[in-house]
Amino acid sequence: MSETMPEVTLDETDFEILRRLDEDGEVSVDELSDELDVSASTIYYRLEGYREQGIVEGQISKLDPQKLGLGLTAITEIDANYDGPGYEEIAERLSALSGVQRVFFMLGEMSFYVISRVRDHEHLQTLMESIIQTEGVENSNTNVVLRTFKDEDRLLVNYDDEDLETIFE
C-alpha cells in the first residue's frame, strides 16, 4: 500500500490564513479579513478549498484532561504477532479500547505505541488487561507520564519561521 503526498500549492496568503487558524481555531472570517487585508469572500473561498483538499478538517475544542478527571497519561509499547490478524486489524482493535487516545504503527523494535488518558491506576489496570487480551498482542510495556512539558496538537505553532518558510515554499 503506497500513499503519495498530494500536490498542494499554497501562497503567502494561504500560509497566513493557516497559521492564524492554527494559533486560534475560533478566529472569525471577519478577523482574518481585517488582519490580512483580504476580502471576506476570498477567505471563505480559500477555507472551502482547504477543506476540499483535506488540509483543514472539522473544528475541535481542546479539552483539559486533568479538569475532566483523566489525570494519568500512559504510553504503551506493544509488540505484535501478525500470524493471525494483520497490523491494521490490531490497530483498529487497540484504537477501539476505552481511554486510548492515539495509536501509532511503528518501524523499529515495537509494533505500536499507544497513548492513553485514564482516571487512575485502577482504570489503567483495566486498560492494560484489555490491551494484553487483544488478539495479536504478544507483549506490552507501559510507562506512566509523571509530568508533561509539551502536549501540542496544533501543527504550525511547533515550527519556527525559518522552517515554516521551507515548508510553504
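Tutor: In this predicted model, Leu-127 has a relative accessible area of 3%, and because the cut-off for buried is under 20%, Leu-127 counts as buried. Leu-127 is part of helix H5, which covers residues 121–132. Setting aside residues up to four places away in sequence, Leu-127 touches Leu-97, Ser-98, Val-100, Ser-116 and Val-118.

Leu-127 also belongs to the largest nonpolar core, a set of 17 residues. Among the residues with the most contacts inside this core are Leu-127, Leu-97, Phe-112 and Ile-78. Two or more residues each come from strand E1 (72–80), helix H4 (87–95), strand E3 (112–118) and H5. In soluble globular proteins, nonpolar side chains tend to be buried together. Ile-78 has contacts that include Leu-94, Phe-112, Val-114 and Ile-131, with neighbours within four places in sequence left aside.

Another core, of 16 residues, lies apart from this one, and Ile-17, Val-27, Val-38 and Tyr-50 are among its residues. Val-27 is 100 residues from Leu-127 along the chain, and their C-alpha atoms are separated by 38 Å.

Elsewhere, helix H2 (residues 29–36) and helix H3 (residues 40–53) have axes that come within 9 Å and cross at roughly 115°. Their crossing is right-handed. H2 contributes Val-29, Asp-30, Leu-32, Ser-33 and Leu-36 to the contact, and H3 contributes Ala-40, Ile-43, Tyr-44 and Leu-47. By class, seven residues in this contact are nonpolar, one is polar and one is charged.

Technical notes: Residues are numbered from 1 along each chain as its sequence is written. This is a predicted model: local features need pLDDT of at least 70, side-chain atom pairs count only at pLDDT 80 or more; totals for chains, interfaces and linings use all residues. Side-chain values use heavy atoms; hydrogens and water are left out. Helices (H or I, at least four residues) and strands (E, at least two) are DSSP runs, numbered from the N terminus. Buried means under 20% relative accessible area, exposed over 50%, partly exposed in between (1.4 Å probe, protein chains only). Contact means heavy atoms within 4.5 Å. Axes are lines fitted to C-alpha atoms, for helices over the stretch in contact, and angles run from 0 to 180 degrees between N-to-C directions. A crossing is left-handed if the near helix is turned anticlockwise from the far one by less than a right angle, and right-handed if clockwise. Ala, Val, Leu, Ile, Met, Phe, Trp, Tyr, Cys and Pro count as nonpolar, Asp, Glu, Lys and Arg as charged, and the others, Gly among them, as polar. A nonpolar core is a set of buried Ala, Val, Leu, Ile, Met, Phe, Trp, Tyr and Cys residues joined through side-chain atoms within 4.5 Å.
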